[in-house]
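Welcome! Here is a short tour for anyone meeting this structure for the first time.

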Amino acid sequence: MVAVKGNVEYRITEAEKAMYIKNGFDILDDSGKKIADGAHKTVSYEQYEKVRKELEELKTKGSDNSEIENLNSKIADLEGETQELKDQISALTNALEVAKEQNKTQEGDIKAKDKKIADLEKKLAR
């Protein structure tokens with residue numbers, strides 16, 4: 001662990017960590033990742049104002065939920081349309097199955113009538 005302040009670095013132990021933080025040193029782990037800020041840190045007024053303005057903009061954007069509500073409404077409408085289309089597809093599929101069954105029945109009737117006609121034609125030909 002390393003305590004850093006400006007261009008000064010000290011290798012420290014866990015026991016020394018609190019003292020160095022109190023004296024304004026940042027603490028970095030062995031991989032160089034900051035794990036604690038030193039006490040008495042300040043930011044410039046320019047940085048403060050920049051962050052404050054960004055925060056206000058984000059708050060303003062966050063409170064404007066009309067776009068989100070509009071999109072959620074469109075999603076709900078599209079989900080309703082999707083369900084209607086699924087229902088129509090289901091009804092058409094069922095109608096197609098019924099028509100196929102009717103077609104099979106009619107084909108059977110036609111074949112039976114064709115056979116009767118052929119039998120009658122044979123009788124007449126005798």
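Asp77, Glu81, Glu84 and Asp87 come together on the surface as a patch of negative charge. This is a predicted model, where local features need pLDDT of at least 70, side-chain atom pairs count only at pLDDT 80 or more, and totals for chains, interfaces and linings use all residues. Residues are numbered from 1 along each chain as its sequence is written, and side-chain values use heavy atoms, leaving out hydrogens and water.

**The charged patch**
- Patch members have over 30% relative accessible area and no salt bridge, with like charges joined within 9 Å.
- Asp87 sits in helix H3 (residues 66-125); a helix is a DSSP run (H or I) of at least four residues, and a strand (E) one of at least two.
- With 46% relative accessibility, Asp87 is partly exposed, a class between buried (under 20%) and exposed (over 50%), using a 1.4 Å probe and protein chains only.

**The aromatic rings**
- Four aromatic pairs are counted, a pair being rings of Phe, Tyr or Trp (its six-membered ring) with centres within 6.5 Å; planes under 30 degrees apart are stacked, over 60 edge-to-face, and the rest tilted.
- Tyr10 and Tyr20 form a tilted pair, because their ring centres are 5.7 Å apart and their planes stand at 45°.
- This pair ties together parts ten residues apart in sequence, since Tyr10 lies in strand E2 (residues 8-11) and Tyr20 in helix H1 (residues 14-22).
- Tyr10 and Phe25 are also tilted, with centres 5.7 Å apart and planes at 55°.
- Tyr10, Tyr20 and Phe25 make up one aromatic cluster.

Methods:
Patch = residues over 30% accessible without salt bridge, like charges linked within 9 Å, V, L, I, M, F, W, Y side chains within 5 Å. Areas by Shrake-Rupley, 256 points an atom, 1.4 Å probe, with all protein chains shown as cover. Salt bridge = Lys/Arg side-chain N within 4 Å of Asp/Glu carboxyl O. Lys, Arg positive; Asp, Glu negative; His and termini not counted. Charge placed at Lys NZ, Arg CZ, Asp CG, Glu CD.
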